[in-house]
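Let's take a friendly tour of a protein structure, going from whole chains down to single residues. Have the sequence and the 3D view ready as you read.

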Amino acid sequence: MKPTALVRELEKILGREAVLWRPDDVMLYEYDGLSALHPPDVVVFPRTTVDVVRIVKFAASQKLLVVPRGAGTGLSGGSIPWQGGILIAFARMKDILEIDLENQRARVQPGVVNLDLTLAVSDAGYYYAPDPSSQKACTLGGNVAENAGGPHTLLHGVTTNHVLGLEVVLPSGEVIHTGGKFWDAPGYDLTGLFVGSEGTLGIVTEITVRLMRKAESVATLLAVYDRIIDATRTVAAITARGITPAALEMIDGFTLRAIEEATHAGYPMDSAAVLLIEVEGLKEAVEEDALHIESVCQENRARHVRRARSAEERDLFWKGRKNAFGALGRISPSYYVQDGVIPRTRLPEMLEFIGQIGTKYSVKIGNIFHAGDGNLHPIILFDPRDEDESRRVREAAGEILAKCIDMGGSITGEHGVGIEKINLMPFLFSADDLDMMRKIKGVFNSEGRFNPGKVLPTGKMCGELRASVSPGGVL
Amino acid sequence: MTTAVDSVHSALAEIVGGARVVSEPTACAARAVGGRVPWHIVDAPTAESVAGVLKFASDHDLAVIPHGNGTKLAQGCPPCRYDLALSLKEMNHVRHYEPADLTISVEAGMRLGDLQDFLGREGLWLPLRPRGGANATIGGILATNSAGPLRLRFGSARDIVLGIKVATTEGRLIKSGGRVVKNVAGYDLCKLLVGSYGTLGVIVEASLKLFPRPASRATWVLETGTLDLARDLRRRILNSPLEPLCLVLLNPAASDLLGNGPHSGEAHGVELWVEAGGSPRILERHARDLAEMGRSVGVRSRQVSEQTAERCWSWLINFEQLFAGSFPEVLVLKASLPIASTEQFLSLAQRGAEGEEIRMAGIAQVGVGIVHLGLWGEKLGKVADRVVTNTRKAAESLGGALVVEQYPNGFNAESDVWGPPGDTFEAMRGVKAAWDPKGVLSPGRFVGGI
């Protein structure tokens, strides 16, 4: 097989070692955390902003589609080259360009792995706060594109609250610099607009983030319940007491048994639900909050509350939570993760509803939530070879998200719209809302060549997608 | 001409109701912005009426400046034209409140003071101390992304807003975000509208994140005397486990004004004001550690009364009132800096002011990198342009930026308020053109003449 003219042109620009085009090679880039399959025509690996500009200018001259990709851990299909084109993989733009502790800032290339940034500043007592469950693999560029969250964003906010400046390559190849190391750069907050725009407005080539100082003290508590409803009531009661934990996670009994078998985190096998609660801050504040939380848990009929006695035990508690998806993968050929958000006081009602949906569609649903901020991750297990089951999974998922919208919530709290939820956008937003977003897209990406088919639905696309996207798993 | 004014008056009256449109010249003159007087004042009672007014304005090419209580209307360039003053003051209702969820949705015209009183009943608050204080409205706070010194702990308006409803120049009412604390569906238009100074659309309603009010609070003053010592202590505090609510540095002129009023003879030096919140044990810990840190560099830490502290915080956010009466003409500058350069910036700015023989009060949110300067003196009118140019150069040389928040008569505001737009300017112009193609919203007031 011979390379096409397109490939030869790109090889001239970047060198042969920076271009993949053989079907076996590009096949690896046809999916991400969502297993909707479509390969790119070619994959390129820039090392610098200048490389990206040259690729983008070339694409502009040929009217080619361009899709950026970090580690491919996204769960909504944001990096799937749905309509082909050039896939820009950021695996080689992975330098931490500057660590500026005095100013509590770091400047990084988009391919830097989330956890690597924290590790780089950890000895000095700092960390990067947003911590998606995939933080060992996912990149900061991808985090910016999706406005990623994580368990510890309850107290400190999500990606957008930690990004101060961006270098962005626009579809024309023009490079712009938004924000900087300081807050309140004069003008529109384009940094805030670009974060979470899923690569549909421009491609980020450099990111300035805020680093935070590690807290003096941390307490991690595991509260065990015999009834799910008591766990969800505890969540509301903690908030009502005026305590904002750093993290407040809920795992239901079904999910937790799967986790325990896989990771031996020490979760009780016979419980209906556990809450994983972490408070951090000044020693005195942590002691007070931990005592309050213990008593709130007990008032809400926790079977018992365990407090991690060592850093190792804390890591073990978290290991179970962070490896939950993988653990479920051991017991099911595939699964479909939802990302709905509801007002946190509606958790008891919502969990009951999810239980009913599981029965109605005869599907198994595990629940693992960022309970503290009302961000749900129901995980529906299924076998993709079973067409009828796949259909039931889709319908069950649709009903759950419709319920989120009914409750005044959202269809996605941290995974993004991507191609996965694009058809749900008209249920959450009016035609006018979407139209005003389209006007913004038109300013930056008028030809629609950057990450086409993501975020904003078009009339034509809806039908196509309904027919062909199926929920998928990471396995 | 009169007939045109009359017909606009009646058309507006049809949208908002007769008593809500004022076209009387003296009343309009009192609402001048940057020396320009509007033809009509419109009090919109509902979101729909705001949308209606905007559509009418856009269809008839009338320039609109939306405002709440007008506490920050001095910010920005003078408008290049001005027909309608659109007030949202009447829109002051709570639309949705769920204390247990720590969220609230309010209309844009609600006064911050009223909202805080309302929230206080449940022991909650909105942790903002914006310019204008209690009189600032939620819409105005968001439009200017105003925060104040609590930002160190809670972020600015941008971080606290969960969702907004916006009236557009096409007369549409659209939303972005929602009422939940985590939401990544669609573009984050909240970020775009927050801090857009009324140039893209009019925020008519906002959903906000609430916080429990700290059980108790305390404020300490560390009299560092010099900027060098202040920097040393700022470093120690930021690198300590302490989690203050505010950390503010006052230069000698500022501490002097605060301590004794503008005409006192007593000399003050540089001071660091630190506020903490929480239980008595947490406050004790702050007191102990601050005293210890101070002692290590030979600086005394003293706790001030709640009353003094409140006076300081409210003074800091109503900067201009400090000068009212004594100094009719004042230049207020806001610098945004990498946090480690704040003290050096203050020292450069001080030298500049001395060179021009004007006085300078400097207030720095040292943990955040935001510095406000108040400059006054007999020669101010003559030297204001040069002071802005040089102070901006200082901020830029330290990797920051500078904007003018209030200026004296005769200042060349058109060109100098926001500073030079960077390489994002074309994109910003594109955004403006997409949402306000006829340029009727606060025309000429924003960066680069947007």
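## The model and chain A

Before you start, keep in mind that this is a predicted model. Chain A has 17 helices and 18 strands. Its radius of gyration is 22 Å, close to the 23 Å given by the globule rule for 475 residues, so chain A is as compact as a globular protein of that length.

How much of chain A is buried? Buried residues account for 59% of its 475 residues. Now look at the contacts in chain A whose separation is 6 or more: 71% of them are between residues 24 or more positions apart.

## Chain B

Chain B contains 17 helices and 19 strands. The globule rule gives 22 Å for its 450 residues, and the radius of gyration is close to that at 22 Å, so chain B too is as compact as a globular protein of its length. Taken along the principal axes, its C-alpha atoms fill a box of roughly 70 × 55 × 40 Å.

Of the 450 residues in chain B, 57% are buried. Among its contacts between residues at least 6 apart in sequence, 70% join residues at least 24 apart.

## Where the chains meet

Next, turn to the place where the two chains touch. Here 69 residues of chain A are in contact with 65 residues of chain B. On the chain A side, the elements that give two or more residues include strand E9 (175-179), helix H8 (228-240), helix H10 (283-299) and helix H16 (431-444) of chain A. Which element gives the largest share of this side? That is H16(A), with nine residues.

What kinds of residues make up the chain A side? They divide into 28 nonpolar, 27 polar and 14 charged.

## A five-stranded sheet in chain B

Find the open sheet of five strands in chain B, with the order E5-E6-E10-E8-E9 and antiparallel pairing. Its edge strands are E5 (94-98) and E9 (173-177) of chain B, and each of them pairs on one side only. On average, neighbouring strands of the sheet are turned by 15 degrees against each other, direction ignored.

You can trace the pairing residue by residue. Val166(B) stands opposite Ile174(B) in E9(B). Ala167(B) has Leu173(B) as its bridge partner in E9(B), and Ala167(B) also stands opposite Val202(B) in E10(B). The hairpin of E8(B) and E9(B) has five residues between the strands, and in this hairpin Gly171(B) takes a positive phi near 85 degrees.

## A loop residue in chain A

Finally, go back to chain A and look for Leu28(A). This residue lies in the loop between helix H2 (23-26) and strand E2 (42-44) of chain A. Is Leu28(A) buried or exposed? It counts as exposed, because it has 12 C-beta neighbours inside 10 Å, and a residue with 12 or fewer is classed that way.

Methods: Residues numbered from 1 in each chain as written. Chains lettered and ligands numbered in written order. Predicted model: local features only at pLDDT ≥ 70, side-chain atom pairs only at ≥ 80, totals over all residues. Helix = DSSP H or I, 4+ residues; strand = E, 2+ residues; numbered from the N terminus. Buried ≥ 20, exposed ≤ 12 C-beta atoms within 10 Å, placed from the backbone. Contact = placed C-beta atoms within 7 Å. Nonpolar A, V, L, I, M, F, W, Y, C, P; charged D, E, K, R; others polar. Rg over C-alpha atoms; globule rule 2.2 N^0.38 Å. Pairing = 2+ DSSP bridges. Axes fitted to C-alpha atoms, helices over the stretch in contact; angles between N-to-C directions.
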